[in-house]
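Student: I have a new structure to read. Can you take me through a few features, step by step?

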Amino acid sequence: MKKIFIYTIAFFASASAIQVHAQSPEQIFKASGTPANPKVIVTWNRYYDHGGITEICKKIAAAYPDLAKLQSIGKSYDGRDLWCLTITDFKKGVESNKPGMYIDGNIHSNEIQGAEFAMYTAWYLTEAFGDTKFIQELLADKVFYIIPSINPDARDSYMHKPNNSSSPRSGVKPIDNDGDGLVNEDNYDDLDGDSHITLMRRKNPNGRYKVDPRDPRNMIQVGPDEKGDYELLGIEGIDNDGDGKVNEDGYAFEYDPNRDWGWGWQPNYIQNGAYKYPFSIPENRAVMEFVMKHPNIAAAQSFHNAGGMILRGPGGAEDVGTYNAQDVAVYDAIAKKGEELMPGYKYLVVYKDLYSAYGGELDWFYAGRGIYTYSNELWTPYLMFMKESTRDPFDNTSYSFDRYLLFQDAFVPWKEYDHPQYGKIEIGGFKKNFGRAHPGFLLESDAHRNMAFSIYHCYHTPKLSVTSLVEKDLGDGLTEVTAVIANSRIMPTHSSQDVKNKIERPDYITLNTKAKVVAGMLVENADLNLTTEQKNNPGVLEVNNIPGLGTVTLKWIVSGKGPFTITIDSKKGGVVEGDK
Amino acid sequence: MRKQIFFAIGLLCFLSSFAQNYSTLAEQQARIQNIVKAYPQLATVSSMIKTNGGKDIWMITIGTGKTETKPAIAVVGGVEGNHLLGAELVIGFAENVLKASGTDSIKNLLQKTTYYLFPNMSPDASEQYFAKLKYERTGNATSTDDDRDGRLNEDPFDDLDGNGKITLMRIESPIGDYKLHPDDARALIKADPSKGEKGKYLLLSEGIDNDKDGLFNEDGEGGIAFNKNGTYKHKTFSPGAGDYPASEKETRALYDFLYDAFNVYAVISFGSNNNLSANDDKATSIVSDLYNKVSGLKDAPRTSVTGGDFLSWAYQHYVRYSFSTPGWWVPKSKPDTAKKEKAFTVEDPIANYLRWSAQQGITDVFTEWKTIVHPNFSDQKVEVGGVDPFVLINPPYKQVADLSKKHTEFLIKVAAFQPEIDLMNVKTESLANGLTRVSVDVVNKGALATHSKFADRNYFVKKIKVAVTVSDKQSLVGGKKILLLNNMEPSTKQSFSWIIKGKGKITIDAGCPTAGTKNIDISL
């Protein structure tokens, strides 16, 4: 069976002119932890545009119909599909009855590798399933919803239009950024025509910059007693509309899709980048609607770049109290493991360690839906020489890394240019694929580490079971049935924000019996006999929460005898039958 | 001249006031279609969207020529579904102003100002007024789990006395916190324990605890209320607000239109919020002064915004001048000495309404308290009764024509305060060989600033642009080609000058969508 697949792949590979023949299985020796002979061959040391993502997703879904399903959850502003891979063992259980882990990438257009990291996760889960027991058990219990890019229009814009490593940040819906009544009238200009927007410098005897003696490509500021010979003129461009400003209204920054979510949202003049109202960006609206329709999503990851961070909310100091102590303990436990799994990554809190940001995706997921959510800021300068360093252009690390490991592939050498406004200048600097995006040879390794963190995150969504079901004859034909329900993972079925605001309905615990249920109660303390009765519909007890690494105890008084079984029906904890 | 116009409007109002009751949605639609059909040059109507209840949200544009190029006022009714008067005032304005559009002053008004009218933002809810079971509904047709227990609509109102109206029930109880009003036993007031008063009644809305959770009528048909669904201080998760701000189609449709309507400088809405009777903002007190004078309404009850409301959204998030008024409230009644009435010893809106309505000859607005058998209070005395729904916030229909006339006058006169950019004191000085200095004053002639105070740094507001255009035979030697100004206060000017080399025509443009654009050609 396996051989047939391999032959098929080999056949396709030979049929396509660009693809070199794959090795035959005999020639391959498996490296530990990596699928050696994947059905879907993806090269994980390069990036893919929307067309590329579409193809990879389709291949995964076609190769593993019992593990992966592909759907479009909506269209982007320009009509691209927002692809979502649902990954679970479809042969075991019902998808919507399993705790879900949501993963997306690329909300910011230039922060591209989130899509590859997300796709790597889908690829790995499907390819490793066959011979990895842990993955088999995971996919029997859990479901992953993976949307590689929730901003495909501007992903393509980043790759195919002139940009720098920080542009565009937003989607492509046009905005009049400077309020002059004209839209996108002053874009970046790719003056040297290389599709990289770099920097402009000009020789000037009064300039305050000079060439860095350690690396002549770098410009450094001169000291107070020094004389410089260059001035920096900013990002490659022209004052196209003659208003005295260069590049002030273009596609590089229209709005910020990560200031468009329905918790703590603030308008444009308070939160730069905010659009009209929460979910006024079509891609975000599609995600929101998807999440609302999937209340089983208990955990989420939204990939960004850069800096090597595991971020949690709140985005604004106003919400410090929203992230209450019980929930922060859950966040801490999982993220601390993340710091171990991803060297160079630090666990940080947005408002405190980064900046205030209102209306961010992770705040809505957590505060609006009760989902434990992180944003990983992918790529850290630490990975260049495996030691602390910075992204600062005046830190020589980037130049050294480019020189000795990338052989100067990441830099556009300074070149003279005759500028219509500045006259004789030079244009040069780092390419758009350096500084924020991983260099090719580090991409797969960091994707794997981030995936491992997502798997750990997902593993700790609730896992419920009936650990004890005890019957006691009370006489007079009455039976007392006591059940202990355990949650063996870190996350509760309802985050404490969820309990406080009743975001999701309670967990329903049903005593399945043919006998008549006379009374039902939650047992607060079995030893001291403290109970709270539920008068209405006692056969289905409603529990506000089943705590992480904890239990709840329930008791029914039944007129008659067994057999008795239990059904646990929890939106985020899954549906579990138990009859212990 | 002015007087004649208002007389004319008054006459038209009188002629059109055949209706005996508030308009149903079908009647609202017919009135809108009729008036637009009669004045196709001045008015257009379109459906912005259909609500989840399948009802149209209508938008009427009134103005002349290129309406989007003129400073505009947005007028919004049906902000709350139980406030029937709002839609009447907006549709009434459309009828009144269009019927008077033959006069010079209305012609001039509509040359200068555009009106965007949104008569009813709560059509799903407002129909409850005409339904078999009448209650003050503000929520739309979106399904909501108001008490967030996972079950939908499991505890609605119940018409226990079968009169087709949801009123109140009072339950005799030793833990009751209400007592009878000392001057009118039909009304109940809160007992004040600090004064040694003891309550005798529990006061609840009419209904049964259908789901036996100890709460009454906490999860009926519900729906999302337009005036709670806004983005400013949205009370996420509270009943009627929605799970996130602007969750409803009608909210978004209105926002979408307005955010792209850069010419709107003021939003005037009709609803429970009132910042027109008393206004602390000096920048706009002329507007409230005008309102109080024209409407003649006094003794307005204080209101406070509750979050998610439209009034706050228009000011805080849409960053335009925003005004709201209920348009009417129950006047303070005076004791009828002929009937030997005395002033109330305790001020109370219900007692006041009962006295006022009796003096007006309004009948059939109070259901006398009547004992019923109530399943949740088997051994207690339960009575159902009270003032009818709607009557405390909607005037008797016969008063609507007059209110409509007054509000039409207000909406017309407020446009006179409109910000208006003009160019003045144009001066050219020859400096030397073909070199000219051109100076000009840009002024805001209006009584309102061109932009409200939150308008800086906002995508959805256009700045004042001052630009000089020279020919290719001329060159701009001094001064800036384009200047953007955030705001100009009323009755202020800013001076600009340029040095231009070369002869021939230059053009200076100044303006912004909220205050109009002016340009002048100058020959050098």
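Student: Is Val518(A) buried, exposed or partly exposed, and why?

Tutor: Keep in mind that this model is predicted. To judge burial, count the C-beta atoms around a residue: 20 or more within 10 Å means buried, and 12 or fewer means exposed. Val518(A) has 14 other C-beta atoms within 10 Å, so Val518(A) is partly exposed.

Student: Which element holds Val518(A)?

Tutor: Strand β18 of chain A, residues 516-525.

Student: Which residues does Val518(A) contact, beyond its neighbours within four places in sequence?

Tutor: Ile557(A), Val558(A) and Ser559(A). Now take Thr565(A), 47 residues from Val518(A) along the chain. Their C-alpha atoms are separated by 16 Å.

Student: How do I read a nonpolar core?

Tutor: Look for buried nonpolar residues that join up through their C-beta atoms. The largest such core here has 195 residues. Ala94(B) and Leu117(B) have the most contacts inside it. Helix α3 of chain B, residues 84-99, gives the most to this core: 10 residues. A second, separate core has 16 residues, including Val466(A) and Leu541(A).

Student: What does Leu117(B) touch, leaving aside its neighbours within four places in sequence?

Tutor: Among its contacts are Met59(B), Val75(B), Phe93(B) and Ala94(B).

Student: How far apart are the centres of domain 1 and domain 2 of chain B?

Tutor: Taken over C-alpha atoms, 33 Å separate the two centres. Each of these two domains gives four residues to the contact. On the side of domain 1 of chain B, two are nonpolar, one is polar and one is charged.

Note on methods. Residues numbered from 1 in each chain as written. Chains lettered and ligands numbered in written order. Predicted model: local features only at pLDDT ≥ 70, side-chain atom pairs only at ≥ 80, totals over all residues. Core = buried A, V, L, I, M, F, W, Y, C linked by C-beta atoms within 7 Å. Helix = DSSP H or I, 4+ residues; strand = E, 2+ residues; numbered from the N terminus. Contact = placed C-beta atoms within 7 Å. Domains from an automatic or database assignment. Nonpolar A, V, L, I, M, F, W, Y, C, P; charged D, E, K, R; others polar.
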